[in-house]
Amino acid sequence: MKILLVFDFDNTIIDDNSDTWIVQCAPNKKLPIELRDSYQKGFWTEFMGRVFKYLGDKGVREHEMKRAVTSLPFTPGMVELFNFIRKNKDKFDCIIISDSNSVFIDWVLKAASFHDVFDKVFTNPAAFNSSGHLTVENYHTHSCNRCPKNLCKKVVLIEFVDKQLQQGVNYTQIVYIGDGGNDVCPVTFLKNDDVAMPRKGYTLQKTLSRMSQNLEPMEYSVVVWSSGVDIISHLQFLIKD
């Protein structure tokens with residue numbers, strides 16, 4: 001009888017966006033205007049592919065990118081939260097669903113020794129190619145028109161829960177911890193006992209409060225957080241029952 005904790009990464013686990021943070025590795029810490037202007041809505045991963053190519057062409061190496069990414073600050077209280085989860089791992093399964101990439105998330109978790117806290121990470125697969133450039137691919141294809149073309153977090157969540165069910169793991173509750181616009185879709189999958197935990201002042205929280213004002217049907221409860229310590233309090237309350 002476990003609770004499933006689902007985490008977003010950027011602006012949730014870390015207190016910034018790893019994709020925009022990496023720009024500090026560029027010459028003069030900025031991208032050329034034509035590259036910046038090449039972003040099209042819904043095609044962020046393709047855009048980041050061009051950014052990584054540009055960095056590689058400018059001679060930015062893996063170790064420099066790694067140094068930048070591992071200097072990303074954790075969101076307040078996250079370190080305490082992960083230590084709490086680790087102590088109570090018999091009660092929680094823990095996954096990340098993120099629009100970042102596998103290399104960045106791996107670097108951050110390994111540098112802080114939090115790899116063992118997470119059972120699975122779902123994100124855009126990335127790798128350094130033979131010329132030392134970081135390349136990134138779309139996580140999957142999907143038909144959801146609400147989400148960017150590379151990742152629908154709801155599809156990922158449903159597939160994971162179904163797969164676990166086939167292996168005899170049935171979660172008593174899902175707690176979804178996120179901040180952004182692309183976290184709205186997976187939250188709509190949540191049911192009666194589940195909890196949506198949006199970060200205070202961010203897009204997900206604003207969207208959910210607008211949805212409740214419009215009296216849209218929401219079976220799940222909403223608990224807002226500012227720090228990982230707020231999340232610990234709520235998880236303690238959940239496992240106390």
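Which residues does Asp8 touch, not counting residues up to four places away in sequence? I began there and found Ile13, Ile97, Ser98, Lys153, Ile177, Gly178, Asp179 and Asp183, with contact meaning heavy atoms within 4.5 Å.

Ground rules for my notes: this is a predicted model, where local features need pLDDT of at least 70 and side-chain atom pairs count only at pLDDT 80 or more, while totals for chains, interfaces and linings use all residues. Residues are numbered from 1 along each chain as its sequence is written, and side-chain values use heavy atoms, with hydrogens and water left out.

I placed Asp8 in the loop between strand S1 (3-7) and helix H1 (18-21); helices (H or I, at least four residues) and strands (E, at least two) are DSSP runs, numbered from the N terminus. Asp8 counts as buried because its relative accessibility is 5% (buried is under 20% relative accessible area, exposed over 50%, partly exposed in between, with a 1.4 Å probe and protein chains only). Its side chain makes a polar contact with the side chain of Lys153 at 2.9 Å. For that term I used a pair of N or O atoms within 3.5 Å; within protein, one must be able to donate a hydrogen and the other to accept it, and residues adjacent in sequence count only if both atoms are side-chain atoms.

I then checked the UniProt record: its unreviewed entry gives the annotation "binding site" to Asp8, Asp10 and Asp179. Such annotations may be inferred rather than shown by experiment. The three span 172 residues in sequence, yet no two of their C-alpha atoms are more than 8.3 Å apart, so they gather at one spot.

Asp10 also sits in the loop between S1 and H1, and at 11% relative accessibility it counts as buried. Leaving aside neighbours within four places in sequence, I found Asp10 in contact with Asp16, Asn17, Ser18, Ser100 and Asp179.

**Entry: Arg199**

Next I looked up Arg199, in the loop between strand S7 (195-198) and helix H9 (203-213). Arg199 is buried too, with 8% relative accessibility. Which backbone oxygen does the side chain of Arg199 reach? I found that of Asn11, at 2.9 Å. Beyond its neighbours within four places in sequence, the contacts of Arg199 are Asn11, Asp15, Thr75, Pro76, Gly178, Asp179, Gln205 and Trp225.
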